[in-house]
Amino acid sequence: MFNRSNPALTRRSFIAYSGAGMATAAFGMPSFAETKTRSFSLRAAPSRAQLVPEPHPETPAWCYNGKVPGPELRVRQGDRMRIDVTNGLAEETTVHWHGLRVPHAMDGVPHLTQRPIAPGETFTYEFDAIDAGTFWYHPHQRSFEQVGRGLYGPLIIEEPNAPQVDRDITWVLDDWRLTQDAAISDDFGAAMDMSHAGRLGNTVTINGQIPESFVVQRGERIRLRLINAANARIFALDFGEYEPRIIALDGQPVAPHAAPGGRVVLGPAMRADVILDCSTATNSNVPLVDRAYRDNEYRLLDIVYEGAPLRDAAPDWDIALPDNPLLEPDMASARRHEVLFTGGMMGAMVERDMGLSQSGGMMGGGMMGMRHDGRGIWFVNGKAAEGHMLDPFLTLERDASHVIQMTNATAFHHPIHLHGHSFRVITRDGAPTEHREWQDTVLMAPRERVEIAFVADNPGDWMFHCHILEHQAAGMMGVIRVA
Ligand code: C2O
Ligand code: CU
């Protein structure tokens, strides 16, 4: 039924595995002979970044290699990655490779998968790039502040036979809370942010800048890799006449389709690869608008035609991505599990409306249960993670298929992330999803029920948490064991 597959395979066994011709036939990987170890080094340290254009001053930030975002780590699928991470901060850190199916010891979760990296220390991460796609990296130690101060970067794994495009571009989106003098506001972990929608900022950057325009050539085909690195901001990008087609979500290929409702929606940590054909727009100046928050829509930049047209119409090149080597969950035999999210401001009311008021101590997740240290505001199956909560709340049989039904009994959106695996999103409020998309982070609306399915093929204790980093810090996380 299932082929035993372990993302923690060494490169050599990965080659044998993909050569076995199972779910990976679509791979068409001709050149594993060329795979190699690619070495990188990252140094996390305080630095400065010109986030807001002059005459505003530079912003003191925490950066990888002195830049925001950190360097784009780019390898080919099947390569082995080796990354030396040096801690130049005054506090402990780690690096988590978001969305990559790495062996447990390389997952970068302090105390769960490694000792945190002390100031001055170096830790070497090493793993195989088994899935192609758009990923990113960030600390997992006090993420709400370390990521919020600028520690994050893109990680791109190239397909051996990527669809042809004229340009391949990465946009890392972030949202900063800046003061008048362009400094990062110090109020990390504010109780108001923790109990509501997280730390929303006032300045949105693309690759650490605020560009006025994005210049394209008429007729050009662009693969745009969008990464949401914000602590809390959800983006809903409206490209107007450009009508992007989504080809991957969270790095994983999806049947190419138009953005639902004309918006590319990205909760924190989520990614989308879109194909932009710059021939659909008749205007030479098209605003790209973020419509995520109804009362607060704004223009991110203008997409502007410049120069001679490249071609008259969109090229007829194929845009579908080759599959990644993910195991298909078997729905007939899948074990079922339930996860309930509660808490936050107005949470008690939602629980009551959803008929969940019998759910034991969870009512305390509402207004009454809040503590002044900002912890214990959000609950996963009735428990709020305090500090480093390492005991698993769920154990999944290894190599079996599992369905997790998640219920968001709160008044807020939550992007729920599972480490070590990608999962198919199979239903929303009981209705099958159109694309059964593979994700590593699924955005749940208030009161929504979502079912995800996957084969638990990566052994270890894995973090499962909301990627609104203030929610995570205030209890919305837990550990799922695969054994
Ligand atoms: Cu990107 Cu546990 O996180
Ligand atoms: Cu949340």
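Is C278 buried or exposed? I looked this up and found that C278 is buried, because its relative accessibility is 0%, where buried means under 20% relative accessible area and exposed over 50%, with partly exposed in between, using a 1.4 Å probe and protein chains only.

I note that this is a predicted model, in which local features need pLDDT of at least 70 and side-chain atom pairs count only at pLDDT 80 or more, while totals for chains, interfaces and linings use all residues. Residues are numbered from 1 along each chain as its sequence is written, and side-chain values use heavy atoms, leaving out hydrogens and water.

I then looked at C63, which is also buried, at a relative accessible area of 0%. Taking a disulfide as a pair of cysteine sulfur atoms within 2.5 Å, I count zero disulfides.

Next I looked for cores, meaning sets of buried Ala, Val, Leu, Ile, Met, Phe, Trp, Tyr and Cys residues joined through side-chain atoms within 4.5 Å. The largest nonpolar core has 52 residues, and F341, M406, I416, I452 and F464 have the most contacts inside it. A second, separate core of 35 residues includes C278, along with F235, A259 and Y305.

Last, I traced an open sheet of five strands with mixed pairing, in the order β11-β19-β18-β13-β16; strands are DSSP runs (E, at least two residues) numbered from the N terminus, and two of them pair if DSSP finds at least two bridges between them. The edges are β11 (213-216) and β16 (263-266), each with a single partner strand, so one side of each has no neighbour in the sheet. Strands β18 (residues 285-290) and β19 (residues 298-305) pair in the antiparallel sense over six bridges, and D290 has Y298 in β19 as its bridge partner.

Definitions and conventions. Chains lettered and ligands numbered in written order. Helix = DSSP H or I, 4+ residues; strand = E, 2+ residues; numbered from the N terminus.
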